Amino acid sequence: MNDLKFKVLSLKPVSRKKDYFRVTLDNGDKYNFHRNSITQYNIKEDKSIENKVIHKALDHTERENIKYKIILLLSFRQRSKKELKDSFVSKGYKIENVLCVIDELEQRKYINDPSFAKMMATHLIKEKKFGRYLVEQRLFQHGIDFSVMDPIISSLYKKYPQSKTIKEILNKKNISKRDSLKNKIKTINHLKRKGFHFEDINVIIEAF
């Protein structure tokens, strides 16, 4: 099948999609190719094109589409490689094309997992007031390796100590030594759900 050749009858811009061209073949098939794919594979009117070249151009066009959409997403906020991969594969894009684009954009510094990890960890620690366990779990969900996240999280907790955050939460809840055991347990469970370890919580509560 790959050695079949077709003649390009027409090559016209796709309306409202300035970067795409509609290619019509003599067998009646029509394809939308990115302008870079047209150039890459030298697709021209009245010229024959092999079936295998059509599929290469389609993959190239898909990669151009993925690239455009990823860069658009990154203009709003940073994303992890895993987040981008899962999102685009779930939308039906070929995984090999998705990974190819992610690899290219990572090399060009558009995608940077350590930078993403720092941004996300800062938000979780400073704004959400999460404990280390929950911060690590959230970053693990984004495919961030422990060796990458550990120094970032440790540095942030020096700037925003967990003990200080726990005290702020206790102050907000008006917890004191005179509170009932039931209220203390309720507060401890709340702090544990936010990712703080029991030992750290108990030390602060006892000294509060």
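Predicted model: local features only at pLDDT ≥ 70, side-chain atom pairs only at ≥ 80, totals over all residues.
Figure 1. Strand β1 covers residues 5–14 and strand β2 residues 17–25; the two run antiparallel and are joined by six bridges. Look along the pair for K12, which stands opposite R22 in β2.

**Figure 2. The hairpin of β2 and β3, with G28 in its turn.** Here we move on to the other side of the story for β2. Strand β3 spans residues 30–34 and pairs with β2 in the antiparallel sense, over five bridges. Four residues separate β2 and β3 in this hairpin, and G28 in the turn has a positive phi of about 95°. For a handy landmark, find Y20, whose bridge partner in β3 is H34.

**Figure 3. The order of elements along the chain.** The protein has ten helices and four strands.

**Figure 4. The overall dimensions and contacts of the protein.** The C-alpha atoms fill a box of roughly 90 × 30 × 30 Å along the principal axes. The radius of gyration is 27 Å, whereas a compact globule of 208 residues would have one near 17 Å. Among contacts with a separation of 6 or more, 56% are between residues 24 or more positions apart.

**Figure 5. Surface and charge.** Of the 208 residues, 38% count as buried. The accessible surface comes to about 13,000 Å², with 50% of it belonging to carbon and sulfur atoms. The protein carries 45 positive and 26 negative charges, and their mean positions are 8 Å apart.

Note on methods
Residues numbered from 1 in each chain as written. Heavy atoms only, no water. Rg over C-alpha atoms; globule rule 2.2 N^0.38 Å. Buried < 20%, exposed > 50% of the residue type's maximum accessible area, 1.4 Å probe, protein only. Contact = heavy atoms within 4.5 Å. Areas by Shrake-Rupley, 256 points an atom, 1.4 Å probe, with all protein chains shown as cover. Lys, Arg positive; Asp, Glu negative; His and termini not counted. Charge placed at Lys NZ, Arg CZ, Asp CG, Glu CD. Pairing = 2+ DSSP bridges.
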